[in-house]
Amino acid sequence: MNDSTQRVAIVTGAARGIGAGVAARLAADGMAVAVLDLDEAACQTVVDTIVADGGRALAVACDVSDPERVEAAVATVAEKLGPPVVLINNAGVIRDNLLFKMDVEDWDAVMNVHLRGAFLMSKACQAHMTTAGFGRIVNLSSTSALGNRGQANYSTAKAGLQGFTKTLAIELGKFGVTVNAIAPGFIETEMTQATAARMGVAWEDFRAYAVSQIPVARGGTPADIAATASFFCREEAGFVSGQVIYVAGGPRA
């Protein structure tokens, strides 16, 4: 067991993909993990895997853009697992389109989940962290924060999370809370497969093109992101805060 034993983590958007990978990694690190997503049944599948591997986990249904549901979810985690002192803000949606085709609903949906959700979850959890004198918040940004055609909403939200990260690092540092962000590049998940399908491109062709642009010559996996999250959440990472790490297989500006 390492220094994270007995600590409680919340991972949002954890029913699949990167979130599920991070939840499994933090459980393997010795944390009790609350798996949050819209569908509790989907969360339970991840929980069952963690428990089968000897971990402790809880499935919680939560719309992170809803203040009341966020407060209720965090209270449930605190009651059933213990005070959450680690938070991974991973929940996200995509509503890609070119600016002239993008409607207000698509803009708001992305902002509400990524930015409002991270705000609400962080606000609800920080009280437990400051009381404990220890906390770790990791926000999932993206290389799209640097700009990406057809993603004005998503790129803006992911860039916003970087500013949110740096501000919280300043505000919460004196309470023993670090706040960092991970900006993944091309990660092979159900979401990226869905993007290929929506574009009418065969997955293997879509993947091959993406990999051809990556210096390490492979696509990323949820485990790659989970490894970085694991580092940020450790006791020994306490002097690392307000940072944005691009986990993209090569340098990004």
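Me: Where is Gly55 in this predicted model, and why is Gly55 called partly exposed?

Reply: Gly55 sits in the loop between α2 (40-52) and β3 (56-61). Its relative accessibility is 22%. Buried means under 20%, and exposed means over 50%. The value for Gly55 falls in between, so the label is partly exposed.

Me: How far apart are Gly55 and Val86, in sequence and in space?

Reply: They are 31 residues apart in sequence. From C-alpha to C-alpha, the separation is 16 Å.

Me: What makes Phe119 partly exposed, and where does Phe119 lie?

Reply: Phe119 lies in helix α4. Its relative accessibility is 40%.

Me: Why is Ala217 called exposed?

Reply: Ala217 has 54% relative accessibility. The cut-off for exposed is over 50%, so Ala217 passes. Ala217 belongs to the loop between α7 (203-212) and α8 (222-232).

Me: What makes the largest nonpolar core a core, and how many residues does it have?

Reply: Its members are buried residues of the nonpolar kinds listed for a core, joined through side-chain atoms within 4.5 Å. The largest such set has 64 residues. Ile10, Leu26, Val35, Leu36, Ile88 and Met121 have the most contacts inside it. Helix α4 gives the most to this core, with seven residues.

Me: Which residues does Val35 touch, beyond its neighbours within four places in sequence?

Reply: Val35 is in contact with several, among them Val11, Ala14, Ala15 and Ala23. Cys43 is also one of its contacts, and Val46, Ile50 and Leu58 are included too.

Me: What is in the second core?

Reply: This separate core has five residues, including Phe186, Ala196, Ala210 and Ile214.

Me: What makes the largest cavity a cavity, and how much space lies in it?

Reply: A 1.4 Å probe fits inside but cannot get out, so the space counts as a cavity. About 60 Å³ lies in the largest cavity. A search of the whole structure finds one cavity of 30 Å³ or more.

Me: Which residues line the largest cavity?

Reply: There are 13 lining residues, with Asn89, Asn90, Ala91, Val113 and His114 nearest the centre. Two elements, α4 (104-132) and α5 (152-172), each give two or more residues to the lining. The largest share, five residues, comes from α4.

Me: What classes of residue make up that lining?

Reply: Seven are nonpolar, five are polar and one is charged.

Methods: Residues are numbered from 1 along each chain as its sequence is written. This is a predicted model: local features need pLDDT of at least 70, side-chain atom pairs count only at pLDDT 80 or more; totals for chains, interfaces and linings use all residues. Side-chain values use heavy atoms; hydrogens and water are left out. On a 1 Å grid over the protein atoms alone, a cavity is a set of points where a 1.4 Å probe fits but cannot get out, and a pocket is an open set with protein on both sides within 12 Å along at least five of seven lines; lining residues have an atom within 4 Å of a point. Grid points are joined across faces, edges and corners, and a volume is the space filled by probe spheres set on the points. Helices (H or I, at least four residues) and strands (E, at least two) are DSSP runs, numbered from the N terminus. Ala, Val, Leu, Ile, Met, Phe, Trp, Tyr, Cys and Pro count as nonpolar, Asp, Glu, Lys and Arg as charged, and the others, Gly among them, as polar. Buried means under 20% relative accessible area, exposed over 50%, partly exposed in between (1.4 Å probe, protein chains only). Contact means heavy atoms within 4.5 Å.
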